[in-house]
Amino acid sequence: MPDNKNTPAVNNENVAVGIKKKEKLIGIDSKRPVTRGRSAMVTEKPKNFKETWGKMIRYMRPEMPAVVIAMLCALIGTVIALVGPGQIQKITDLITEGIMGKIDLDAVSSTAAFLMTLYGISWVMNFTQHFIMATASQRISQRFRTDITNKTNRMPLKYFDSTPFGDILSRITNDIDTIGMTLNLSIAQLITSIALFLGSAVMMFVTNYILAFTAIGASVLGFILMSVIMSKSQKHFNRQQRHLGAINGHVEEIYTGHNIVKAYNAEATTKEEFSRINRHLRDSVFKATALSGLMQPLMTFIGNLGFVAVFVVGALLARENIITYGVIIQFTIYVRLFTQPLSQLAQSMSSMQSTAAAAERVFEYLEEDELMDESGKTRTLDNVRGDVRFEHVRFGYNPDRIIIKDFSADIKAGQKVAIVGPTGAGKTTIVNLLMRFYEVNSGRIFIDDVPIDELTRENVHDLFCMVLQDTWLFEGTVRENLVYSKENVSDEELKKACKAVGIHHFIRTLPKGYDTVLDDKATLSAGQKQQLTIARAMIENAPLLILDEATSSVDTRTERIIQRAMDSLTEGRTSFVIAHRLSTIKNSDLILVLKDGDIIASGTHDELLKEGGFYAELYNSQFEPSA
């Protein structure tokens, strides 16, 4: 997957949910380009219908025994249904003979009873196959969703930088629903239709070859036209699914930032963009459904043509006493059984084409590159002192544009380290590398003299608690949000952390206190959300701490309360603080000044001010009156 950004663009804590529940609200810099939901994703490339369905059949292998049983039931029911017209012929002939004399009601009754028994067994077989296929299709859909979720946990974050969330959601919802619907309805219908088609053809030849040739000859045209239509419509089904993913991505993007759209009066622009994508979706859906929709009326016309041909030829044969009237009635039923599958085949093939396009997108996601397998790593860090060392780290989100050029630093256990610099200097990137959200291009990072690339990502994430500028709370109780992924947290620990950050009183005013559900109806300010995430980090109590603009959304009074809590939180543990307000990091043990991916100065606040360099300019600029 090409990575077309020079800085990461994933919302910090939203990504955390999709990567691993145990991981602490992971994230990367939230400078997301506003174009990420656009239809640039809709890039057409040739699709192979047979190859995709080959993958589907291999994927369905665990459910194949049930599918085979369902198919056998469908075949048995179909074969029984093919016996019915022969019995109807007998009844017709008995009635015809009886017109000239006395109708043998006993023979008619026994034949009718046998016919009803056959149709009853056929109904049981069809019901059984529908029940089995409904169960199997939902299991396969469930497995698809599970595999996509597990796949998401193994995906590198750079994939989410270049793929809109709405497009991913569309694969999980729309595409998998399309697959499940086809497996439930179209597969069994396809088998039944083929069996009916072939079986009725055989029975017609057994009954009368002249009428058989007449009926089949009228249907050959339908096969030819159906194959032409299928070849033309497949590309439109592919385009339909891709445009559907694009429009979902656009809608997700716009409604997530609806306030920004309103504030900048961008309604007209976004409406125009939506209309453009919607127009493409309309065109692709129209072309796909219009072409596939031709099949049903075409097959109906071919079926009616077959009826007319059988009646005309049958009348001529009956006049010459070659066949009876019962044979004509029998053949009209066989013609229906012969042409009806053509309509069903057309419908099934349309569904299978749409499913092939949907399955292609799902398999495309499942086949994306994954994070390197770390199951073989056994080295772990448990009792951590907190020494951190960067040695000549070099990194770029794009290989052709390096952001961190030659970063080296030696941080001692328990130090509070501030990372400052202008926007784009690489501050958050340093944290991303430290947390192994991305791998360095060259150089190494050590924790307690152990290279972090020798540890599993889960172990590295367990060593950190994070508070990010972009807060994230999920729909659940206050308690559940605070103890996220941590077990055995007492009420006293909860209250202590919340009192420390000044949010305990507010929580007590909520309808159910700590058991209040946070959803769309629970209105929290940005500052209150940030206080909750800071309390969450205090409860996690990991040996290393990362604060990325953690007090950016709170007022000055609340910032002072939180700052005191931070001082308590950072005491005795190595902490990394990214801040733009330099007044909040004056008491740091070490300040690293970044510019263009390199450390240009380091020291304490007083030392750096005395030097009078770039840090002093940054610090003094925050107190200069605006022009």
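In what order do the four strands of the open sheet come? They run E2-E1-E4-E5, with antiparallel pairing, and the model they sit in is a predicted one.

**View 1. The open sheet and its edges.** Here we look at the order E2-E1-E4-E5. Strand E2 (404-411) and strand E5 (450-451) each have a single partner strand, so one side of each is left without a neighbour in the sheet. E5 pairs with strand E4 (residues 442-447) in the antiparallel sense, over two bridges. Look for valine 450 in E5: its bridge partner is isoleucine 447.

**View 2. Helix H12 across the strands.** Helix H12 (residues 427-434) lies across strand E1 (388-395), E2 and E4. Relative to E1, H12 runs at about 110 degrees.

**View 3. A buried salt bridge, arginine 457 to glutamate 374.** These two side chains meet with N to O at 3.3 Å. Arginine 457 belongs to helix H13 (residues 457-462) and glutamate 374 to the loop between helix H11 (325-366) and E1, so their pairing ties together parts 83 residues apart in sequence. Both residues are buried. They also belong to a salt-bridge network that links Glu374, Lys377, Arg436, Glu439 and Arg457.

**View 4. Arginine 444 with aspartate 453.** In this salt bridge the closest N and O atoms are 3.0 Å apart. Arginine 444 is partly exposed at 33% relative accessibility, and aspartate 453 is partly exposed too, at 35%.

**View 5. Aspartate 491 meets arginine 479.** The N to O distance in this salt bridge is 2.6 Å. Aspartate 491 sits in helix H15 (residues 491-500) and arginine 479 in helix H14 (residues 478-482), 12 residues apart. Aspartate 491 is partly exposed, with a relative accessible area of 42%; arginine 479, at 24%, counts as partly exposed as well.

Note on methods: Residues numbered from 1 in each chain as written. Predicted model: local features only at pLDDT ≥ 70, side-chain atom pairs only at ≥ 80, totals over all residues. Heavy atoms only, no water. Pairing = 2+ DSSP bridges. Contact = heavy atoms within 4.5 Å. Axes fitted to C-alpha atoms, helices over the stretch in contact; angles between N-to-C directions. Salt bridge = Lys/Arg side-chain N within 4 Å of Asp/Glu carboxyl O. Buried < 20%, exposed > 50% of the residue type's maximum accessible area, 1.4 Å probe, protein only.
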